[in-house]
Amino acid sequence: MGKKVMIVDDLFYIREEIREILEKNGYEIVTEASNGKEAIDKAFLFEPDIITMDMNMPKINGIEASRKIKKRMPNVKIILVSTMAGFSNIKKIAKEVGINEFVSKPFDSLNLIEKIKKLN
């Protein structure tokens, strides 16, 4: 089985789209989360290798959730999948937090897979 992935996005249809793309490419989806608080809890519980993280979510945003996850799990790879991922100031902050890659929404499946494969 491929690398273990957690998908984090507040929109169900985005999580489903990412799940379909990743499963077709041999990745194992171990869990999903719909907000930053849930992402933190589930990351510690399921210990994924890779996390796709949305930026704008309820409770805790993707940057803060990533910061907390990386503090306890420094080897996890996080890819920011967000409408804000292309902004240079967001990229700068995200890199400081330890986010490894960026994909802007709307995304195409090839771009997403290419970025995730770079994390392996």
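Reply: Helix H2 (residues 36-46) packs against H3 at an angle of about 15°, and their axes are 9 Å apart. Axes here are lines fitted to C-alpha atoms, for helices over the stretch in contact, with angles running from 0 to 180 degrees between N-to-C directions. Helices are DSSP runs of H or I with at least four residues, numbered from the N terminus. The angle therefore makes H2 roughly parallel to H3, a term for angles under 35 degrees. This is a predicted model in which local features need pLDDT of at least 70 and side-chain atom pairs count only at pLDDT 80 or more, while totals for chains, interfaces and linings use all residues. Residues are numbered from 1 along each chain as its sequence is written, and side-chain values use heavy atoms, with hydrogens and water left out.

H2 crosses H3 in a right-handed sense, that is, with the near helix turned clockwise from the far one by less than a right angle. On the H2 side, Gly36, Ala39, Ile40, Ala43 and Phe44 make contact with Ala65, Lys68, Ile69 and Arg72 of H3 (contact: heavy atoms within 4.5 Å). By class, this contact has 6 nonpolar, 1 polar and 2 charged residues; Ala, Val, Leu, Ile, Met, Phe, Trp, Tyr, Cys and Pro count as nonpolar, Asp, Glu, Lys and Arg as charged, and the others, Gly among them, as polar.

H3 (residues 62-72) also packs against H4 (residues 88-97), where the axes come within 9 Å and cross at roughly 20°. H3 and H4 are therefore roughly parallel to each other, and their crossing is right-handed. From H3, Ile63, Ser66, Arg67 and Lys70 meet Ile93, Ala94 and Val97 of H4. The residues of this contact divide into 4 nonpolar, 1 polar and 2 charged.

Note on methods:
Helices (H or I, at least four residues) and strands (E, at least two) are DSSP runs, numbered from the N terminus. Angles under 35 degrees count as roughly parallel, over 145 as roughly antiparallel, 65 to 115 as roughly perpendicular and the rest as oblique.
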